[in-house]
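The structure is shown first.

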Amino acid sequence: MSAAESAHLGRALCIITGASRGFGRAVALDLSRLLLPGSVLVLAARSGADLRAVEAELAGRAGLSVRSVEADVGQSEGLDGVMSACKEASSADIDHLILINNAASLGDVSRFTTGFTSLPEVDSYMSLNVSSPLCLTAGVLRAVPRRAGLRRTVVNVSSLCALRPFRSWVLYCTGKAARDMTFRVLAEEEPDVRVLSYSPGPLDTDMQREARSHTADPDIRKSFSDMFSEGQLLSCQASCAKLLKLLLEDAFTSGDHVDVYDV
Ligand SMILES: NC(=O)c1ccc[n+]([C@@H]2O[C@H](COP(=O)([O-])OP(=O)(O)OC[C@H]3O[C@@H](n4cnc5c(N)ncnc54)[C@H](OP(=O)(O)O)[C@@H]3O)[C@@H](O)[C@H]2O)c1
């Protein structure tokens, strides 16, 4: 452990979107071990059953209160639900606000860029993947404003696709690039907020399965299939451990994009 590293993340209000499965679920389970008693965890996703399963796994954590919000965060009503839970929880006596913007979708990767002629389709994708993390972050930072003794951390779960074009992944690459810029601007504007875009690497999740089965571009599809068959995918837990190390050390430059392989 480095000198700057702390062994815990404080008495926190922590909000995690997409906490029902995959990387978000791993973050909920492992980050909660680093929270002090009195902390509150707000978990959001569409699947209530999966959220309840995560909640059941967290049941033994002493002093941790968990609130699950069954919501589509790409819709205004869904975001309102998460905001209500966050506002209720914000009265808790906390010293750290942690928001993990993790929910995302791959979008339709079975078509190339010229196949996207429908404005409503593209808007709907961007609503979940770009607009919702912006509006949720803005709402949460307003609901839990800056005050002495309060640390505020916002994580954007990003991707290599924010930096590099992948053929037939126009929605995902565009969304992730836009998301990174949202959080770079936030870091410029709010110097007291610690902002991190974390790229978790190729993870063994439902999203990866979708990538290797539906990607239109044969080379990209093959590279995902090869990563799977050659055992190169990371477990969510291993990648989450790197994210938690970054948060504990708190040494990143606010607004930066940090890749799992750089940690
Ligand atoms: N898998 C990878 O290789 C990889 C690589 C780089 C970056 N990432 C990023 O890592 C993050 C997690 O990915 P993952 O692989 O864990 O994905 P995943 O297995 O597809 O899980 C996505 C999570 O987001 C939730 N979600 C999706 N749409 C939602 C909506 N409209 N409203 C609320 N929640 C929604 C899902 O829950 P419900 O279905 O219950 O709503 C689920 O909990 C994403 O930001 C992804 O872009 C993944």
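Aspartate 250 is partly exposed, with a relative accessible area of 27%, where partly exposed covers the range between buried (under 20% relative accessible area) and exposed (over 50%), computed with a 1.4 Å probe on the protein chains only. The model is a predicted one, in which local features need pLDDT of at least 70 and side-chain atom pairs count only at pLDDT 80 or more, whereas totals for chains, interfaces and linings use all residues. Residues are numbered from 1 along each chain as its sequence is written, and side-chain values use heavy atoms, with hydrogens and water left out.

**Salt bridges**

Aspartate 250 pairs with arginine 151 in a salt bridge, a term that requires a side-chain nitrogen of Lys or Arg within 4 Å of a carboxyl oxygen of Asp or Glu. This pair links distant parts of the chain, 99 residues apart, since arginine 151 belongs to strand E5 (residues 151–157) and aspartate 250 to the loop between helix H8 (236–249) and strand E7 (257–259); such helices (H or I, at least four residues) and strands (E, at least two) are DSSP runs numbered from the N terminus. Arginine 151 is likewise partly exposed, at 26%.

| Arginine 33 | Aspartate 30 | 3.3 Å |

In the pair of arginine 33 and aspartate 30, the arginine is exposed at 51% and aspartate 30 is buried at 12%.

**Surroundings of the ligand**

Arg21 is also among the residues that come nearest to the ligand, together with Arg46, Asn102, Tyr172 and Thr205, out of 29 residues around it, a residue being counted as near if one of its heavy atoms lies within 4 Å. An N or O atom in the side chain of arginine 21 is 2.7 Å from a ligand oxygen, and for threonine 205 the corresponding side-chain distance to a ligand oxygen is 2.6 Å. A ligand nitrogen is 2.9 Å from a polar backbone atom of valine 73. The protein covers 95% of the 880 Å² of accessible area that the ligand has on its own, an area that comes from the Shrake-Rupley method with a 1.4 Å probe.

Helix H1 (22–31), H5 and H6 each supply at least two residues of this shell, and the largest share, three residues, comes from H6.

**Nonpolar core**

The largest nonpolar core has 39 residues, and Ile16, Phe23, Leu31, Leu41, Leu43 and Leu247 have the most contacts inside it; such a core is a set of buried Ala, Val, Leu, Ile, Met, Phe, Trp, Tyr and Cys residues joined through side-chain atoms within 4.5 Å. Among the elements that each supply at least two residues of this core are strand E1 (12–17), H1, E5 and H8, and the largest share, seven residues, comes from H8.

Key:
A polar contact is a pair of N or O atoms within 3.5 Å; within protein, one must be able to donate a hydrogen and the other to accept it, and residues adjacent in sequence count only if both atoms are side-chain atoms.
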